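Q: I am new to this structure and would like to learn how to read its features. Could we go through them one at a time?

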Amino acid sequence: MGRTVSLVDAPDDWFIKGGADAVALRLALDGRAVVGVRRIGKLLMMDFGYPDGSPSAVLGLRFGMTGRLVVDDHAVVEKLEYSSGRNQPEWRRFGLGFAAQGTLAIIDPRRLGGVELNPDETRLGPDAFELTPDEFWSALEGSRAPLKARLLDQRRVAGLGNLLVDEILWRTGLDPAREAGLLSEPEVAELAEVIVSTVEELADRGGSHTGDLHLARVRGGSCPRDGELLDRRTIGGRTTYSCPQHQR
């Protein structure tokens, strides 16, 4: 916070989303100070301002499954489950240098993340970490989509990924293929509560891959709760594991 940008390093055009390019990023960020840092779902946002304090631009950062944030040569996350702990020079997809001192960079071996200038925040639903039952009811009401597909839709609920949704539905005993809009009010209230508690618990453990269901998410895996052979399906375009015994 408060640092002023003196260098914008954007060597990978693929990594710049939303129609901008390296020139646009430099024009928007060079000489501007970091005045705020926020997050909605999977999107980390850096707010930039002019010397007089007025806002100038927002930079959205997405990390995907393999991207890591490195600040002042310190990796905020040392290792990701599905990535690498190394910092190969060619994996540096984006970086900022600051006038006084210090740097910020995104290291992403598989280029699954990205940066976006002035992202449209209205495209995102309420953050899963702060979800209320009323917000959740609005997200599901009237939907004929499978429950899992609706939960993965970032426009409805921001921040939930494939492993998290499987874990949450396994904990609540809800079938991921159920029609989202047909859940009862008590089911919606419980699901909203379990979303928040599961996100908190797995964040403390170190990631969505630390769920109670995770080790059983393999072909031929059995439910850790009742020993039933897990169903393996594709729902919402994602590989899905669920228990036919207690998820209904």
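Q: Which elements each supply at least two residues of the lining of the largest pocket?
A: Rolling a probe the size of a water molecule over the atoms shows where empty space is left. This model is predicted. In it, β3 (33-40), β4 (43-49), β6 (68-71), β10 (114-117), α4 (162-172) and α5 each give at least two residues to the lining of the largest pocket.

Q: How much space lies in the largest pocket, and which residues are the closest to its centre?
A: The largest pocket holds about 1800 Å³ of space. Its lining has 47 residues, and K42, G64, G159, L164 and S208 are the closest to the centre.

Q: How do the residues of that lining divide by class?
A: The lining of the largest pocket has 23 nonpolar, 13 polar and 11 charged residues.

Q: What lines the second largest pocket?
A: The second largest pocket has about 190 Å³ of space. Its lining is made up of M1, R3, V34, V37, L44, M46, L61, L69, V71, F98 and L104. Two or more of the lining residues come from each of β3, β4 and β6. Sorted by class, 10 residues of this lining are nonpolar, none is polar and one is charged.

Q: How many cavities of 30 Å³ or more does the structure hold?
A: There is one cavity of 30 Å³ or more. The volume of the largest cavity is about 30 Å³. L163, E167, S208, G211, L213, H214 and R217 line the largest cavity, and they comprise two nonpolar, three polar and two charged residues.

Q: Now the strands. What is the order of the strands in the open sheet?
A: Strands of a sheet pair through backbone hydrogen bonds, either parallel or antiparallel. Here five strands form an open sheet in the order β2-β10-β5-β4-β3, and the pairing is mixed.

Q: Why is one side of β2 and of β3 left without a neighbour in the sheet?
A: β2 (16-17) and β3 stand at the edges and each has a single partner strand, so one side of each lacks a neighbour in the sheet. For β2, two bridges join this strand to β10, and the two run parallel. I16 has V115 of β10 as its bridge partner.

Q: Which helix packs on the sheet?
A: Helix α1 (residues 22-29) packs there, touching β2, β4, β5 (55-62) and β10. The direction of α1 makes about 130 degrees with that of β5.

Q: In which sense do β11 and β12 pair, parallel or antiparallel?
A: β11 (residues 231-235) and β12 (residues 238-242) pair in the antiparallel sense, over five bridges.

Q: Last, the helices. At what angle do the axes of α2 and α5 cross?
A: Helix α2 (residues 133-140) and helix α5 (residues 185-205) have axes that come within 9 Å and cross at roughly 115 degrees. The crossing of α2 past α5 is right-handed.

Q: Which residues make the contact?
A: On α2, P133, F136, W137 and L140 take part. On α5, the residues are E185, V188, L191, A192 and I195. Eight residues of this contact are nonpolar, none is polar and one is charged.

Note on methods
Residues are numbered from 1 along each chain as its sequence is written. This is a predicted model: local features need pLDDT of at least 70, side-chain atom pairs count only at pLDDT 80 or more; totals for chains, interfaces and linings use all residues. Side-chain values use heavy atoms; hydrogens and water are left out. Axes are lines fitted to C-alpha atoms, for helices over the stretch in contact, and angles run from 0 to 180 degrees between N-to-C directions. Helices (H or I, at least four residues) and strands (E, at least two) are DSSP runs, numbered from the N terminus. A crossing is left-handed if the near helix is turned anticlockwise from the far one by less than a right angle, and right-handed if clockwise. Contact means heavy atoms within 4.5 Å. Ala, Val, Leu, Ile, Met, Phe, Trp, Tyr, Cys and Pro count as nonpolar, Asp, Glu, Lys and Arg as charged, and the others, Gly among them, as polar. On a 1 Å grid over the protein atoms alone, a cavity is a set of points where a 1.4 Å probe fits but cannot get out, and a pocket is an open set with protein on both sides within 12 Å along at least five of seven lines; lining residues have an atom within 4 Å of a point. Grid points are joined across faces, edges and corners, and a volume is the space filled by probe spheres set on the points. Two strands pair if DSSP finds at least two bridges between them.
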